[in-house]
Amino acid sequence: MSQDKSQFDDVSADGTMAIDANLPPDPSRRFWVATACAVGGAAGVATAVPFVGSFAPSARARAAGAPVQVDLSSIPEGQMRTVEWRGKPVWVLHRTQQQIDELPNNDPFLADPQSERPGFTPEFARNEYRSRDPKFFVAVGICTHLGCSPTPHLAAGPGPGLPADWEGGFFCPCHGSAFDLAGRVYKNKPAPDNLEVPPYEFSADGTHVTIGVDENNKA
Amino acid sequence: MAGEKTVETTGLLGWIDRRFPASKLFKEHMSEYYAPKNFNFWYFFGSLALLVLVIQIVTGIFLVMNYKPDGNLAFDSVEFIMREVPWGWLIRYMHSTGASMFFVVVYLHMLRGLFYGSYRKPRELVWIFGMAIFLCLMGEAFMGYLLPWGQMSYWGAQVIVNLFSAIPFIGPELSLWIRGDYVVSDATLNRFFAFHVIAIPLVLIGLVVAHIIALHEVGSNNPDGVEIKDGPKDSKGRPIDGIPFHPFYSVHDLVGVAGFLIVFAAIVFFAPEMGGYFLEFNNFIPADSLKTPPHIAPVWYFTPFYSMLRAITADFTWVLAAAAVLGAVAMFLRGNLRGIWRIVVPVILLVVAVLLRVIDAKFWGVVAMGGSVVILFFLPWLDHSPVRSIRYRPTWHKYLYGIFIVTFLVLGYLGTQPPSPVFNLMSQIGTLIYLGFFLLMPVWSRLGTFKPVPERITFSAH
């Protein structure tokens with residue numbers, strides 16, 4: 001046996017060296033120490049995988065995204081209903097003809113009037129009204145800034161906590177982002193994007209909307 | 001006896017000392033730790049922070065005995081503690097008041113360090129351990145605030161977790177991973193509970209030990225910022241301007257403890273909600289994932305940083321980008337960086353200026369908020385003043401510190417208020433002052449006429 005240098009416990013009880021100090025150094029020791037560290041380190045990192053992975057949403061949370069059906073006849077013109085889908089508030093707003101007609105007037109003040117930025121807007125909603133049917137606006141009521149739920153202030157005009165030139169829409173109480181009645185964010189607000197439009201489908205007779213399914217009826 | 005050490009102590013203590021360095025540790029850290037004799041009022045806050053830590057741990061243990069970390073039960077279990085558990089209201093109010101008082105004490109402790117240059121060489125690690133404690137404390141307070149599962153708990157957590165979603169590319173996945181669900185939910189509550197009661201307290205205690213060991217290795221600074229170790233020494237080599245921590249400062253600190261407990265008890269018994277600043281009124285409404293309260297704000301101790309988060313709008317990034325370009329030009333023309341750094345640093349600043357306009361303002365808001373805390377870690381290397389203590393700095397430095405303190409308080413107030421154009425402009429100015437104070441410190445801290453620093457500490461017996 002050989003080693004790098006003599007160790008304390010190499011000295012035997014009678015004071016003589018148990019191992020000859022003149023033996024040449026053994027580079028294979030260094031190699032095995034490094035190998036043991038590398039293998040042990042890899043095992044340590046691998047052990048972290050299940051712990052880090054356990055932070056991801058559980059199978060139950062992933063499965064809880066069942067579609068939600070809303071009866072449109074229960075929402076009179078100019079009114080809004082909030083339903084829960086995947087734990088988030090989803091708004092169904094029945095816009096009046098006047099509200100629909102006024103939407104293009106907002107365009108100069110909006111950050112992204114045609115919803116050209118990626119994400120948040122499915123293809124079918126990439127229009128002035130951000131909806132399949134101009135009358136019904138469906139959106140996830142979660143601000144794209146930091147996830148508060150904006151408050152609907154559908155009527156134009158000033159109100160407590162609102163900007164003086166309020167045109168009607170949704171106002172986020174947390175950081176002051178404002179959205180018009182198509183969920184489009186106004187310029188120079190903290191929120192970078194328009195409100196998310198979820199996948200949804202109208203029933204064949206147009207009386208219901210199902211939130212959480214696309215054209216192919218997939219959740 | 002063979003194998004046993006020789007020690008001075010006898011009897012039971014001697015038996016222990018032969019097996020465990022009890023007397024040695026006591027001497028090193030208490031009776032033979034020599035601290036400067038000119039400590040003033042500002043030196044109470046270190047020991048007070050330790051006291052509050054003990055209060056939080058003890059009351060926390062008793063709260064866990066009745067609290068239920070469950071989305072359906074949490075809110076009710078807190079009300080159960082408040083109304084039905086004998087003395088439960090007192091234990092909870094001590095814990096909630098302790099949280100706010102922890103920050104009061106720690107902010108004053110940090111301000112003391114700023115005044116007297118206590119972070120300067122060789123105390124950089126004392127400061128860095130302290131900043132790590134501050135970070136842990138922020139995490140601890142944030143996660144603890146979710147546990148009552150009220151509206152503010154819920155939406156506060158929603159906003160802060162979503163901060164991570166602002167990070168380009170990985171952000172949305174990262175915030176999903178932190179929450180463990182698509183919205184803040186039972187899964188989030190449970191993991192925050194685990195962090196709040198086990199993980200962070202363990203780290204916190206370890207860091208406090210490291211903070212004190214590092215301090216006792218280099219010795220305490222003092223209001224004059226002169227080293228007692230460099231002054232005259234007695235025959236045993238002890239600095240004559242130092243006095244043993246025990247009994248002199250251990251007893252002295254008891255005065256601070258008494259004063260603190262008077263204030264603490266007054267809040268616990270007469271104003272535990274502190275007008276909505278310590279316990280926010282909206283948090284007496286159970287969490288509702290479909291409705292954000294009309295006005296949400298973090299607890300007061302986070303509001304200065306929160307104001308800076310809100311201050312960064314798309315227009316304001318023009319101002320920041322302009323500041324970065326100016327900084328790059330100044331660094332290149334006048335800076336005293338050597339060699340390649342003279343090019344590299346200005347180029348980095350120019351890249352930052354471009355990115356400021358390319359990446360969403362939302363991301364930069366998060367950067368400003370995080371950066372305003374992280375920048376404090378670098379204080380030992382930002383301060384280039386030839387003297388440590390504010391006592392021997394030019395008078396106008398004191399005004400700068402004053403402006404900084406006022407800015408911090410104003411930002412704190414603005415963070416509690418609903419957003420408005422005037423307040424937003426004010427918080428933008430405040431953000432510039434806060435960041436400028438630290439980023440320009442390498443320049444302004446060496447300017448002016450400094451007063452002569454005495455050889456020894458100034459002290460008059462009273």
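Me: In this predicted model, how do helix H11 (residues 303-311) of chain B and H14(B) run relative to each other, roughly parallel or roughly antiparallel?
Reply: Happy to walk through that one. The two helices, H11(B) and H14(B), pack with their axes 7 Å apart, at an angle of about 150 degrees. Angles over 145 degrees count as roughly antiparallel. That makes the pair H11(B) and H14(B) roughly antiparallel.

Me: Which residues of H14(B) make the contact with H11(B)?
Reply: H11(B) passes H14(B) in a right-handed crossing. From H11(B), the contact is made by B:Phe305, B:Met308, B:Leu309 and B:Arg310. The residues of this contact divide into seven nonpolar, two polar and one charged. On the H14(B) side, the residues are B:Gly365, B:Val366, B:Ala368, B:Met369, B:Ser372 and B:Val373.

Me: Which helix gives the largest share of the side of chain B that touches chain A?
Reply: Let's start with the two chains: 30 residues of chain B are in contact with 25 residues of chain A. Helix H7 (151-163), helix H8 (171-179) and helix H14 (361-377) of chain B each supply at least two residues of that side of chain B. The residues there divide into 15 nonpolar, nine polar and six charged. The largest share, five residues, comes from H7(B).

Me: How far apart are the C-alpha centres of domain 1 and domain 2 of chain A?
Reply: Now over to chain A. Its domain assignment gives domain 1 (26-56) and domain 2 (62-211). The distance between the C-alpha centres of domain 1 of chain A and domain 2 of chain A is 51 Å.

Notes: Residues numbered from 1 in each chain as written. Chains lettered and ligands numbered in written order. Predicted model: local features only at pLDDT ≥ 70, side-chain atom pairs only at ≥ 80, totals over all residues. Contact = placed C-beta atoms within 7 Å. Helix = DSSP H or I, 4+ residues; strand = E, 2+ residues; numbered from the N terminus. Nonpolar A, V, L, I, M, F, W, Y, C, P; charged D, E, K, R; others polar. Domains from an automatic or database assignment. Axes fitted to C-alpha atoms, helices over the stretch in contact; angles between N-to-C directions. Parallel < 35°, antiparallel > 145°, perpendicular 65-115°, else oblique. Left-handed = near helix turned anticlockwise from the far one by under 90°.
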